[in-house]
Amino acid sequence: MVTPLRKKTLAGESYTRDPKIEAKLVELEGLSRDELVARFQIRRRDDSGYMPSECLVYFVRACRADNSTTGFDRLYKILAERVLRSLPQAGNFDGKTASLTKSNISEKVFGRFVELLSADRSEYSEKLDYFEVRFDGALASLRRDAQEQAWRDENRSAPLEFDEETGDLSDEVERAAGSFDLFSAPEIDGSDYRLRLDAAIDALPPDQIRIIEMLRKGIPIDSKEAGAVTIAKALGKSEKTIRTHRDKALAALRVTMSGGER
Amino acid sequence: MNSDANKPSREEVLDAFAVEPLHNRETLERYLQEYPQFANELVDMSRELSRVIDADQRPMSPQEQAMIEAAWQKHMSMETKSAKDPLADLSVARLREIALQLDLPRQVLTAFRERRVVVTSVPERFLKKLAGALSCSADLLAGALASQTGSTLARSYKSEGKPAAEAAVTFERLLIDAGVPEAKRADLMSDGD
């Protein structure tokens, strides 16, 4: 009774929903629109009655087959609200430019999502299947898309240049970069710290952001092993260049993070 | 075997990565190994996936409420329109984005919107790509494009054989006129399927 997904994985098989999601869909299928709306109204994720957005997307799409608008507007708006809540706020943590970028990205993503939903109403849109597989992931994909466009508009995509003049960072900066471990600072559990750190990273040049991300994931800068994944190989730069820009990034972050309120 | 036609698009690789059940080092490395040409985008995606969203319970601001309401209104009204013409409602910004996405000069897309392209000269592979960018099916797009050919032909008849500004040209001609380089043209003209 629950319609299967159509999008195929990279391996060529049909995507399937998480079994828990599938089970919830079966449970919800028999409900009336009003009952459905009531179920989806719970907002807090940590509430035991919270219904995953993957399910909500399914039912909003299923309205395609049903001409009645009863309750559809409420379901649609709940979904739209959830999308907006998942978009980064242009907070007060960073400089003006970064805030504008965030607003632009959020608007773009919301617009794109709404567009996908509308298109799906007249013709099944396989792209929406991703939202039923993993809602947060699919939304992250839209955000990344929008960010790429925003970077292009701002001309931020320029690749890493190895600066010959300041090729070797001064000892002081190296020390500063090394001694400050951003990612395990004592305040790390405070969400305010995390958001500030995220904003600070967002302000870095894209290649530096990538180096930071790969470091956080534990990927080595370089390796003696032939086939190993390394930051140098992934970004197509020398080990030295990567280290230099890592140090620059960490130094910049250190300045930003300690410059803020304590 | 592994022909070019079976190679996943950048979008498919990134979306597949985005909905992976585990977003750890192992997953990222796996994708970086298999799709090194998309390294930058994969790492960017990895960052987006690990971004902490402050999922607060703040009430929706008036602007946000307005956005939601507007989206709903458009959703209900756009239904029939988009079913007929996916190119009609494109904003200038959206047109630009799609042009960037497809790596084409904007005038190529405008030509489609203004029905200045001979539909039968467009390779199916490109139609699918364009349809994908417009979030509609290839059939829908082809139908929409074909439905207004009548008026275009009528105009070109009136010009008595001289090439009129509004006369439809072949897709290849359109690309040449738009200054699309030969290699890219060859790729666009090929029908991988």
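Q: A residue is buried under 20% relative accessible area, exposed over 50% and partly exposed in between (1.4 Å probe, protein chains only); which residues are exposed on the other side of H1(A)?
A: This is a predicted model, in which local features need pLDDT of at least 70 and side-chain atom pairs pLDDT 80 or more, while totals for chains, interfaces and linings use all residues. Residues are numbered from 1 along each chain as written, chains are lettered from A and ligands numbered from 1 in written order, and side-chain values use heavy atoms, without hydrogens and water. Helix H1 of chain A spans residues 19-29 (helices, H or I of at least four residues, and strands, E of at least two, are DSSP runs numbered from the N terminus). On its other side, the exposed residues are A:Pro19, A:Lys20 and A:Val26.

Q: Why do the buried residues of H1(A) lie on the same side?
A: The buried residues are A:Ile21, A:Leu25 and A:Leu28. They share a side of H1(A) because the arc they cover around the axis, taken from the directions to the C-beta atoms, is only 70°.

Q: How far apart are the closest N and O atoms of B:Arg51 and A:Asp202?
A: Across the interface of chains A and B there are 11 salt bridges (a side-chain nitrogen of Lys or Arg within 4 Å of a carboxyl oxygen of Asp or Glu). In the salt bridge of B:Arg51 with A:Asp202, the closest N and O atoms are apart by 2.9 Å.
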